[in-house]
Amino acid sequence: AERARWGPNAPVSILRRWCQANGYTAPAFRQLRPALGDTPGDCRYVCILARKADKWEHACHSAQSCAQDAQNAAASRALYNVLKATPGCKGPDAPVPSPYREIWRQWDKAAAEAKQQAADQRQAERMELITRLVAAIQSAAPHPCASPSLGPTPPASRAARPPGPGHATKDPEPKIGTWRNMQGILAQGAERVPEACRVAKAGLPIAAQREAILTAVQTERVVVVSGATGSGKSTQVPQYVLEDCIRRGAPCNVVCTQPRRIAA
C-alpha cells in the first residue's frame, strides 16, 4: 500500500526522469545472485546507468523482499552516487520516499566515517614517520658532531718531541682544515662575493630569521624551518650554519639531501 502511494515519486520513476533530463539513457536493472545468508525470496538488483560511451553500475547490497523494492533500492543508490560524484548537476525533481531518505542518511554517515578513518590513518603514518626520524636523530652522535677533517687538533697530537741541539722551536704553520685557517678562507671568500649577490642574499625572506635559526640550531636537537618556495631555506640555511660554526670554532657536519620536502 505504501509503495502504491509513491506513484511517480518512487525511486525508479525519479531516476528515469533525472536520466532523461541529464542526457543518460533509461536506467536498466540486472538481478544479482543471492548472497550467503539471504533468506529464500530475498533479491538484489544492480542499476546500470549509461551516457554516450560511459557506463556505471550501482548496487544496493541490502537484500529486499521483492523485486520492486530491490529495484527501488538500486535506483536510490544510483541516484545517490551520481549526485555525490557530480555536485554541480541538477538534482531530482522530487524527493525520494522517506524510507530511502533514511538510507541516504546512513550512506552519508558511512562515507563520513570512512573519510575520517582515512584521515586518521594518514595522520598516524605521519606521526610514525616523525617518531622514527626523531629516534634516529637521538640515537646518533650527540650534537655538535665532531668532524675529523675540520675539528681542532687534539692536545696530545700537538706535543712536539724535544728539540735537538741547535734546533729552534717555532709554532707550526696553520694547515688547511684548522679552524683558524678556515676563518681566513671565509673572510677572503666574503670579500670576493659580488655586491649584487650580497644584496640579493640580504633581500631573501630567510635573511631576517638568520639569528633566530642559528640560536635554535645551537639550543635544540631538531629544528624544522618552513617557508615559501624561493625564500632561501635550502640555499641559505646551510651557509648560515657553516659560517657560524667556523666563526665560533665549533665543529659541525652539514648534509644536504634530496628531496628536501618534509612530506617526501
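This is a predicted model: local features need pLDDT of at least 70, side-chain atom pairs count only at pLDDT 80 or more; totals for chains, interfaces and linings use all residues.
**Figure 1. The whole chain, read from start to end.** Follow the sequence along and the protein runs through the pattern α-α-β-β-β-α-α-α-α-α-α-α.

Figure 2. The protein has 264 residues, and 25% of them count as buried. Its accessible surface comes to about 18600 Å², with 56% of that belonging to carbon and sulfur atoms. As for who touches whom, take the contacts with a separation of 6 or more: residues 24 or more positions apart account for 59% of them.

**Figure 3. Helix α2 crossing helix α3.** Here we zoom in on α2, residues 11-21, and α3, residues 67-85. A pair of packed helices is described by the angle between the axes and the distance between them. In this pair, the axes come within 8 Å and cross at roughly 40 degrees. An angle like that makes α2 oblique to α3. The crossing of the two is left-handed.

**Figure 4. Side by side: the residues where α2 and α3 meet.** On the α2 side you'll find Pro 11, Val 12, Ile 14, Leu 15 and Trp 18. Facing them from α3 are Gln 71, Asn 72, Ala 75, Ser 76, Ala 78, Leu 79, Val 82 and Leu 83. Sort the residues of this contact by kind and you get ten nonpolar, three polar and no charged.

Conventions
Residues are numbered from 1 along each chain as its sequence is written. Side-chain values use heavy atoms; hydrogens and water are left out. Axes are lines fitted to C-alpha atoms, for helices over the stretch in contact, and angles run from 0 to 180 degrees between N-to-C directions. Helices (H or I, at least four residues) and strands (E, at least two) are DSSP runs, numbered from the N terminus. Angles under 35 degrees count as roughly parallel, over 145 as roughly antiparallel, 65 to 115 as roughly perpendicular and the rest as oblique. A crossing is left-handed if the near helix is turned anticlockwise from the far one by less than a right angle, and right-handed if clockwise. Contact means heavy atoms within 4.5 Å. Ala, Val, Leu, Ile, Met, Phe, Trp, Tyr, Cys and Pro count as nonpolar, Asp, Glu, Lys and Arg as charged, and the others, Gly among them, as polar. Buried means under 20% relative accessible area, exposed over 50%, partly exposed in between (1.4 Å probe, protein chains only). Accessible areas come from the Shrake-Rupley method with a 1.4 Å probe; for residues, only the protein chains shown count as cover.
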